[in-house]
Amino acid sequence: MAAVLDNWDPRVVDGLAAQHRVITLDNRGVGASGGSTPDTIEAMTHDAMAFIQALGLEQVDLLGFSMGGFISQGIAQEEPQLVRKIILAGTGPAGGEGIDEVTAVTLQGIVRGALTFQDPKQFLFFTRTANGRQAGREFLQRLKERKEGRDRAMSLRAFRAQLKLSAGGGAKSRQTSRPSPIRYWWRTGTATGWCQAGTPSP
C-alpha cells in the first residue's frame with residue numbers, strides 16, 4: 001500500500017534475483033501503470049492474474065508483502081494451479097485481526113513523519129530503538145540507489161483508493177466492469193518494460 005516499484009528494498013529483490021527470475025509490478029493505477037486504482041482486493045487479484053497470464057507464465061512463486069499478501073492469497077484461492085509456492089510477509093487474511101487498523105496506523109505514521117520532517121517509513125516499518133532508527137535510515141538510502149528508469153511517484157488518488165480498501169479490512173465488495181486493456185509497468189533485476197493485459201470483470 002502507498003508503494004511503487006522503487007519502494008522495494010533492492011537488497012531483498014537483488015537477493016532473490018540471485019537464484020530466481022524476479023518480476024515486480026505496479027498494480028493498476030499505481031506508479032507508471034495505467035488505469036484507475038481499484039478499491040477491492042478482488043479486483044486487484046484479477047488484475048494480477050491478468051498480468052501473469054499476459055506474460056505467458058503458466059506457474060509462478062508469489063511473494064506477497066502487506067497488501068500484496070492479500071492479493072497473493074486471492075490468486076491462490078481463485079487460480080491454485082497458477083501458484084507453485086507462496087510466501088506471505090507482514091500480512092493477514094481478509095477481515096483478520098488488526099487488518100482494519102491499517103488505515104489509522106498508516107495515517108498516524110504519515111502525520112508523525114510530517115511533524116518531525118522524517119519519512120513516514122521510519123515510523124511504519126522500524127522500531128524507535130537506536131538500532132531500528134539506524135536500520136530505517138539505511139533502508140531509505142538504499143531506496144535511492146537506482147538512478148535511471150525510476151518509477152512514477154504514488155498518486156494521491158491511488159493512495160486514497162487503497163486507504164478505502166484497507167479501512168474495510170480487505171473484505172470483498174461489489175465491483176463494476178473495468179476498462180480493458182491496461183498497461184502495467186514491471187521490472188526484473190535487469191530490465192523494465194510494459195505489459196498490456198486485459199482486466200476481465202470478476
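Analyst: Happy to! Let's begin with the second largest pocket: its lining is made up of six nonpolar, three polar and seven charged residues. Keep in mind that this is a predicted model.

User: How much space lies in that second largest pocket?
Analyst: About 260 Å³. There are 16 lining residues, and the closest to the centre are Trp-8, Pro-10, Asp-14, Arg-146 and Arg-187.

User: Which helix gives the most to the lining?
Analyst: That is α1, residues 10–17, with three residues.

User: OK, zooming out. How many helices and strands does the chain have?
Analyst: Seven helices and five strands. Starting at the N terminus, the order is α-β-α-β-α-β-α-α-α-α-β-β.

User: And how much of the chain counts as buried?
Analyst: Of its 202 residues, 39% are buried. The contacts tell you something too: among those between residues at least 6 apart in sequence, 62% join residues at least 24 apart.

User: What about the largest nonpolar core, how many residues has it?
Analyst: It has 20 residues. The ones with the most contacts inside it are Ile-41, Met-44, Ile-52, Leu-62, Met-67, Ile-71 and Ile-75. At least two residues each come from α2 (41–54), β2 (60–65), α3 (67–78) and β4 (182–187).

User: Which of those gives the largest share?
Analyst: α2 does, with seven residues. As a general background point, nonpolar side chains in soluble globular proteins tend to be buried together.

User: Let's stay with α2. Is it mostly covered or mostly open?
Analyst: Mostly covered: 12 of its 14 residues are buried. The buried set runs from Ile-41 to Ile-52 and includes charged residues as well, such as Glu-42 and Asp-47.

User: What span should α2 have, and what does it have?
Analyst: With 14 residues at 1.5 Å a residue, α2 should span 20 Å, and its end C-alpha atoms are 20 Å apart, so the two agree. Just after α2, Gly-56 takes a positive phi of about 75 degrees.

User: How does α3 do on that count?
Analyst: α3 has 12 residues and reaches 17 Å from its first C-alpha to its last, close to the expected 16 Å. Its buried residues are Met-67, Gly-69, Phe-70, Ile-71, Ser-72, Gly-74 and Ile-75.

User: Why does Thr-45 count as buried?
Analyst: Because its relative accessible area is 2%, and buried means under 20%. The C-alpha atoms of Thr-45 and Asn-27 are separated by 9.7 Å, with the two residues 18 apart along the chain.

User: And Met-44, what does it touch?
Analyst: Not counting residues up to four places away, Met-44 touches Thr-37, Pro-38, Met-67, Ile-71, Gln-162 and Leu-165.

User: Now Phe-117: buried or exposed?
Analyst: Phe-117 is exposed, with a relative accessible area of 77%. You'll find Phe-117 in the loop between α4 (102–116) and α5, and its phi is positive too, about 55 degrees, although it is not a glycine.

User: Last one: where is Arg-128, and what does it touch?
Analyst: Arg-128 is in the loop between α5 (121–125) and α6 (130–142). Arg-128 touches Arg-112, Gln-118, Gln-122, Phe-123 and Arg-133, not counting residues up to four places away in sequence. Arg-128 is partly exposed, with a relative accessible area of 29%.

Key: Residues numbered from 1 in each chain as written. Predicted model: local features only at pLDDT ≥ 70, side-chain atom pairs only at ≥ 80, totals over all residues. Heavy atoms only, no water. Core = buried A, V, L, I, M, F, W, Y, C linked by side-chain atoms within 4.5 Å. Buried < 20%, exposed > 50% of the residue type's maximum accessible area, 1.4 Å probe, protein only. Helix = DSSP H or I, 4+ residues; strand = E, 2+ residues; numbered from the N terminus. Contact = heavy atoms within 4.5 Å. 1 Å grid on protein atoms, 1.4 Å probe; cavity = no way out; pocket = protein on both sides within 12 Å on 5 of 7 lines; lining within 4 Å. Points joined across faces, edges and corners; volume = space filled by probe spheres on them. Expected span 1.5 Å × (residues − 1).
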